[in-house]
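The stops below go through salt bridges, then a helix, then a cavity.

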Amino acid sequence: MEPSWSEMLGGYRRPYDPRRAIAKLRDDPLDPAAWAELWNELHHQGDVGDASYAAVPLLVDACAAGPRDWNLFALLATIEVERHRLRNPRLPDALAQDYAAALVTARDLALADLALTQDPLFIRSALGLVALADGALELGALLGHLDSDEVTELLEQFLAWGELYDVDAG
């Protein structure tokens, strides 16, 4: 059943239909303008809506053939984490099956793509999505929300990283 896009709300709590931007990704999965629009409209300061949830299967389908960058996995992970925020709407029952299937497909894409990259942002985004798709909400949230400086800070705090580890040893 096709969602009623005119009634679905995005991250700004206003109606948003992501299909035009997602169609651009079908032509160019790395289109920066399309990704910027989707990031802006599907998520805003922790807010997501039913349009965000309904967009997940469309995004996975549009990007499945590749190429893919960090945007797909990071946006899906952000939507999945924020879906659990108390102020956000629950995932509608009508979307739940397709949403869950899309996360599994995205997890499989992420696992395949991890073998092809050394980009730290891509790795962190893909691993965060893998964790979330497999039900590890806290780990997925942590991976998805920390930047590289924060990761380094945590390593220093808990493992004395710079003092006790030779990170240049390869």
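Select aspartate 108 to begin. In this predicted model, aspartate 108 has a relative accessibility of 40% and so counts as partly exposed, since that class lies between the 20% limit for buried and the 50% limit for exposed.

Next, select aspartate 113 and arginine 68. Here too there is a salt bridge, and its closest N and O atoms are 2.7 Å apart. Aspartate 113 belongs to helix H5, whereas arginine 68 sits in the loop between H3 and H4, so the pair ties together parts that are 45 residues apart in sequence. Are these two residues buried or exposed? Both aspartate 113 and arginine 68 are buried.

Move to arginine 26 and aspartate 61. Their side chains meet in a salt bridge at 2.9 Å, N to O. Because arginine 26 is in helix H1 (residues 19-27) and aspartate 61 is in helix H3 (residues 50-63), this bridge ties together parts that are 35 residues apart in sequence. Arginine 26 is partly exposed, at 44% relative accessible area, and aspartate 61 is partly exposed as well, at 48%.

For the last stop of this kind, select Arg13, Asp47 and Arg87, which are linked in a network of salt bridges. The whole structure holds 11 salt bridges.

Now show helix H6, residues 120-133. Its 14 residues should span 20 Å at 1.5 Å a residue, and the C-alpha atoms at its ends are 20 Å apart, so the two agree. Colour the buried residues of H6, among them Phe122, Arg124, Leu129, Val130 and Leu132. What do the buried residues of H6 pack against? They pack against H4, helix H5 (93-114), H7 and helix H8 (148-159). Just past the end of H6, select glycine 135, where phi is positive, at about 90°.

Finish inside the protein. There is 1 cavity of 30 Å³ or more, and the largest cavity holds about 30 Å³ of space. To find it, select its lining: Ala74, Ala77, Thr78, Val81, Gly140, Gly144 and His145. Helix H4 (70-82) and helix H7 (137-145) are the elements that give two or more residues to this lining. H4 gives the most, with 4 residues. By type, the lining has 3 nonpolar residues, 4 polar and no charged.

Notes: Residues are numbered from 1 along each chain as its sequence is written. This is a predicted model: local features need pLDDT of at least 70, side-chain atom pairs count only at pLDDT 80 or more; totals for chains, interfaces and linings use all residues. Side-chain values use heavy atoms; hydrogens and water are left out. On a 1 Å grid over the protein atoms alone, a cavity is a set of points where a 1.4 Å probe fits but cannot get out, and a pocket is an open set with protein on both sides within 12 Å along at least five of seven lines; lining residues have an atom within 4 Å of a point. Grid points are joined across faces, edges and corners, and a volume is the space filled by probe spheres set on the points. Ala, Val, Leu, Ile, Met, Phe, Trp, Tyr, Cys and Pro count as nonpolar, Asp, Glu, Lys and Arg as charged, and the others, Gly among them, as polar. The expected span of a helix is 1.5 Å times one less than its number of residues. Buried means under 20% relative accessible area, exposed over 50%, partly exposed in between (1.4 Å probe, protein chains only). Contact means heavy atoms within 4.5 Å. A salt bridge is a side-chain nitrogen of Lys or Arg within 4 Å of a carboxyl oxygen of Asp or Glu.
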